[in-house]
Amino acid sequence: MQNYPNITKLIKQDLQDISPKPIRNFRLIRAKSGVYVYRCLYDGIPAVIKYFEKEDDRREILNYRILARHGIPAIKTLALGKAALVMEDISISEDWRLGVSEDFADADVARSLAQWYFTFHENGSAVPELETLYFEYDRLTEENLKMLIQKLPEAEELFRFVLTHYDRLRELIYKPSFTLTYNDFYWTNFVVRNDKKAAMMFDYNLLGKGYRYSDFRNVCWGISDEARAAFVDEYNRLYFEKHGQTRTEAERVEQSIDDVAGPLFTLFVAFTEQENFPDWAEKYKNEAINGYLLSKAKQLLL
């Protein structure tokens, strides 16, 4: 596998602007859509480097800075440049391991992830940069909804109804309180302490602002019933312990909006950012066609 010598040269230039520490032994792990991931030796220490060609993707570097400033656990970073970041190599850690698919059925791991998400959401609500961060539903523009009519004419009635009530949809989307949201939950994106007493997400390219419920939906969608119950119970326990009340009403409001905006956003991504229509969006495609999403949209917007 080639190492893209032009990219490794750019990495060295970027990082040497902030530190003279040597970087050696580049080994490419992944190169996709302008994001390059390498293992290397950074000042003699095994590390992982991510380099971002696109300006939009470089928000991940800012996201690591935000997490560090607000006491949110994250993989240790060794250097943060303008286009590249260096982090510890979890594959050789004595304390942590990378997530595995079996973790989706592990209640202990789910409880530890709930603890991370709770801290992430609680501390994330006070982030000064929150208003400027990526927000998935900003992409639900009138232009993009019209595009969906062209992509999925079988669901034209749904999209035209949403367009007719577009101002109301936008008003509702911005009504709940925002916090940091992860938006990209999967077992390949978290690490687990060897004793399972802690876990945390990494790969923060899609981190932004949003609703707590949206993260709940992403986490609970793919894990086992036992793990889901453990995650929800632990998160709710921590919330009640801190605030002396539940999130029942706030979550109901967030869910009613997310039940409409979430599928619309998913369809937009599936039709515009994927080479072939992905399996993970088939559910929402079917619900758009069979009238289920239209029914939800009417409940929300009328």
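Predicted model: local features only at pLDDT ≥ 70, side-chain atom pairs only at ≥ 80, totals over all residues.

Me: What makes the pairing of Lys 196 with Asp 106 a salt bridge?

Reply: The closest N and O atoms of Lys 196 and Asp 106 are 2.5 Å apart, and a salt bridge asks for a side-chain nitrogen of Lys or Arg within 4 Å of a carboxyl oxygen of Asp or Glu, so the pair qualifies. Lys 196 sits in the loop between β8 and β9, and Asp 106 in the loop between β6 and α3, so the bridge ties together parts that are 90 residues apart in sequence. The structure holds 25 salt bridges.

Me: Why is Asp 106 called buried, and why does Lys 196 count as partly exposed?

Reply: Buried means under 20% relative accessible area, and Asp 106 has 15%, so the word applies to Asp 106. Lys 196 has 30%, a value that lies between the 20% and 50% cut-offs, and therefore counts as partly exposed.

Me: How do you know that Lys 242 and Glu 122 form a salt bridge, and which parts of the chain does the pair link?

Reply: Their side chains meet with N and O 2.8 Å apart, and because the cut-off is 4 Å, Lys 242 and Glu 122 are counted as a salt bridge. The pair links distant parts of the chain, with Lys 242 in helix α8 and Glu 122 in helix α3, 120 residues apart. Lys 242, at 52% relative accessibility, passes the 50% limit and so counts as exposed, whereas Glu 122, at 10%, falls under 20% and so counts as buried.

Me: Why does the pair of Lys 296 and Asp 259 still count as a salt bridge at 3.5 Å?

Reply: The closest N and O atoms of Lys 296 and Asp 259 are 3.5 Å apart, which is within 4 Å, so the pair is included. Lys 296 belongs to helix α11 and Asp 259 to helix α9, 37 residues apart. Lys 296 is partly exposed, with a relative accessible area of 21%, and Asp 259, at 22%, is also partly exposed. Elsewhere, salt bridges that share partners join Lys 50, Glu 60 and Asp 203 into one network.

Me: What makes α3 a largely enclosed helix?

Reply: Of the 18 residues of α3, 13 are buried, so the helix is largely enclosed by the rest of the structure. From its first C-alpha to its last, α3 reaches 25 Å, which is close to the 26 Å expected at 1.5 Å a residue. At its N-terminal end α3 is capped by Asp 106, with a side-chain oxygen 2.9 Å from the backbone nitrogen of Asp 108.

Me: Which residues and elements line the largest pocket?

Reply: The largest pocket holds about 1800 Å³ of space, and of its 38 lining residues, the closest to the centre are Asp 184, Leu 206, Val 269, Gln 274 and Trp 280. Elements that each supply at least two lining residues include β1, β3 and α9. By class, the lining has 13 nonpolar, ten polar and 15 charged residues.

Me: What is the volume of the second largest pocket, and what lines it?

Reply: The second largest pocket has a volume of about 390 Å³, and 20 residues line it, with Arg 30, Val 37, Val 48, Leu 98 and Phe 202 the closest to its centre. Its lining divides into ten nonpolar, four polar and six charged residues.

Key: Residues numbered from 1 in each chain as written. Heavy atoms only, no water. Helix = DSSP H or I, 4+ residues; strand = E, 2+ residues; numbered from the N terminus. Buried < 20%, exposed > 50% of the residue type's maximum accessible area, 1.4 Å probe, protein only. Expected span 1.5 Å × (residues − 1). Polar contact = N/O pair within 3.5 Å; in protein donor to acceptor, adjacent residues only side chain to side chain. 1 Å grid on protein atoms, 1.4 Å probe; cavity = no way out; pocket = protein on both sides within 12 Å on 5 of 7 lines; lining within 4 Å. Points joined across faces, edges and corners; volume = space filled by probe spheres on them. Nonpolar A, V, L, I, M, F, W, Y, C, P; charged D, E, K, R; others polar.
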